[in-house]
Amino acid sequence: MRVANKRGIEMISAERIPNNVNLSGNKRLQRALEHWQPKYIQWWRDMGPQGFQDYHHVYVRTAISVDPEGWAHFEYVKLPEYRWGIFLADPVHDRRIGFGDFLGQPVWQEVPGEFRNQLRRLIVTQGDTEPASVEQQRLLGQRCPSLYDLRNLFQVNVEEGRHLWAMVYLLHSYFGRDGRDEAEELLERQSGNRDKPRILEAFNEPIDNWLDFFMFTMFTDRDGKSQLMSLSESSLDPLSRTTRFMLTEEAHHMFVGETGVARILERTCQLMKQAGYSEDVRKIGGIDIPTIQKHLNQWFSLSLDLHGSEVSSNAASYFANGLKGRAKEDTFDEHVVKNAYYSMEFFEDGKPVTKEVLMRNAMNEVLRDWYVGDCAAGVVRWNRILEQHGMSDRLQLPDRKFNRHIGMYSGFYFDPNGVSLTKEQWEQRKHEWLPSAADAEYLLSIMAEPVYEPGKFANYIAPPRRGINQLPIDFQYVRTEQ
Ligand code: BYC
């Protein structure tokens, strides 16, 4: 990705970095990237997929332009040689600010001084999640259920890497010296590190097994979707265009999560039938439905936290200033939202109490409502599989109050139905609802042997309906160097 010029000094090659931001004509960006990119590669080698750096070729998709053809470019690459690119969705002619106090004014092509700190903070928070997820998933390749899944994991990982590039592009291009410093710090914080953790909590949780991975890509990547949708409404046009393009990649990550869990459910049903319904499917190496439900509870509740506090002056200010809108802002009737109220359920003296909150202060909750609806639709699709197999079990989203660590329910205890519990009751019962050490141990035991043979799948998961890019399921999606 770096080539030597006549004087032997390495420089950034715009050809090796697919982009539509005129990188070859932008010396300032080239210089900033020259400094950052070697650190990024070093980070990828140290913190990216362990054991899959130098000797494996992975059949991945690389975005080489924003049109549909440029998007569908597949090739075998060694992961550290992936061509991480910089893309903005096409500009919208005469785009106007769509919400908040500046409604109707032209969008900004530069960062207004008065919103610089807030915008930088939003971009850094978004950027921080991307490398964090790669770090969280770095050991999964050694426990993969198939080459198809291994390839999907790496596709997700390289795209999260590209999303980091997208945020670094904004920091380098619009935030001068402090943007460059922030870009470096994005490579210094580490998921789960006690001294330098990632910014948001869910990104410090371990993802040790593939059930965690599929639930994470279903629920946490879906927070990515809701946050990116709201940032794509932003008055800062480069932020809007960058996040709009990122959303196209996010869709694939959620596909991996949703179909991953669906395939586990499919296999669990087959094993349950095989075992005569009454048997514990763990005895024949499957993943039982209660374990699936516990992982759903875990990642859904962590991802609810990612939407911030129910009542938030930060959220109000982001909305007022036009920095972060609502998902699908244009579907709302009113975009200034100064005198509107949101009916919110508070929890006071052990009882729910409904109060009116200024809508602008409730913007995190408004986005969370959208998010919960999107998750619920996914759970309905999963339950169809159980139904088709004649099972009476159903998966369900836990109540919003369950297992919360951010916002007004943190510090209180609720079961998945939203029934209030004492701390003692919670401590006694929490592993009925959340994965226990024994669950983790069991999952690791059935994933201990990775499956690297083309067309073969681990016993706990069904094959997918079709392969990648119209290739057969038994295609060699990852191959070792000859
Ligand atoms: N963990 O008013 P509050 C993705 C902090 S995922 C830890 O509640 P606000 C992806 C908050 O920072 C999408 N801390 O919240 C998915 C604040 O700190 P200060 C990522 C938290 O500011 C999978 C304090 O609590 N994108 O892309 O309204 C793979 C009170 O703030 C948390 C974004 O998040 C938490 N969960 O909203 C890869 C978009 N929540 O000021 C990628 C950008 C809150 O007291 N971020 N705090 O120091 C935002 O829009 C907002 O920062 C948040 C928080 C929605 C996250």
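**View 1. Helix α7 gives the largest share of the lining of the second largest pocket, 7 residues.** This is a predicted model, in which local features need pLDDT of at least 70, side-chain atom pairs count only at pLDDT 80 or more, and totals for chains, interfaces and linings use all residues. Residues are numbered from 1 along each chain as its sequence is written, and side-chain values use heavy atoms, leaving out hydrogens and water. The second largest pocket has a volume of about 640 Å³. Of its 24 lining residues, Phe 255, Thr 259, Pro 464, Arg 465 and Arg 466 are the closest to its centre. At least two lining residues come from each of α4 (147-174), α7 (237-274) and α10. (Helices are DSSP runs of H or I with at least four residues, numbered from the N terminus. A pocket is an open set of points on a 1 Å grid over the protein atoms alone, with protein on both sides within 12 Å along at least five of seven lines; lining residues have an atom within 4 Å of a point.)

**View 2. The ligand sits in the largest pocket.** Thr 125, Ile 199, Leu 200, Gln 227 and Leu 306 are the closest to its centre among the 37 residues of the lining. Helices α3, α6, α8 (289-305) and α9 each supply at least two of the lining residues.

View 3. A ligand nitrogen atom lies 2.6 Å from a polar side-chain atom of Gln 126, and a ligand nitrogen atom is 3.2 Å from a polar backbone atom of Asp 305. Look also for Ser 309, where a polar side-chain atom is 2.5 Å from an oxygen atom of the ligand. The protein buries 82% of the 1,100 Å² that the ligand exposes when taken alone (Shrake-Rupley method, 1.4 Å probe).

**View 4. A search of the whole structure finds 1 cavity of 30 Å³ or more.** A cavity is a set of grid points where a 1.4 Å probe fits but cannot get out. The volume of the largest cavity is about 90 Å³, counted as the space filled by probe spheres set on the points. Its lining includes Ser 230, Tyr 318, Phe 319, Lys 324 and Arg 326. Two or more lining residues come from each of α9 (313-320) and α10 (363-388).

How values were computed: Polar contact = N/O pair within 3.5 Å; in protein donor to acceptor, adjacent residues only side chain to side chain. Sits in = over half its atoms within 2 Å of the grid points.
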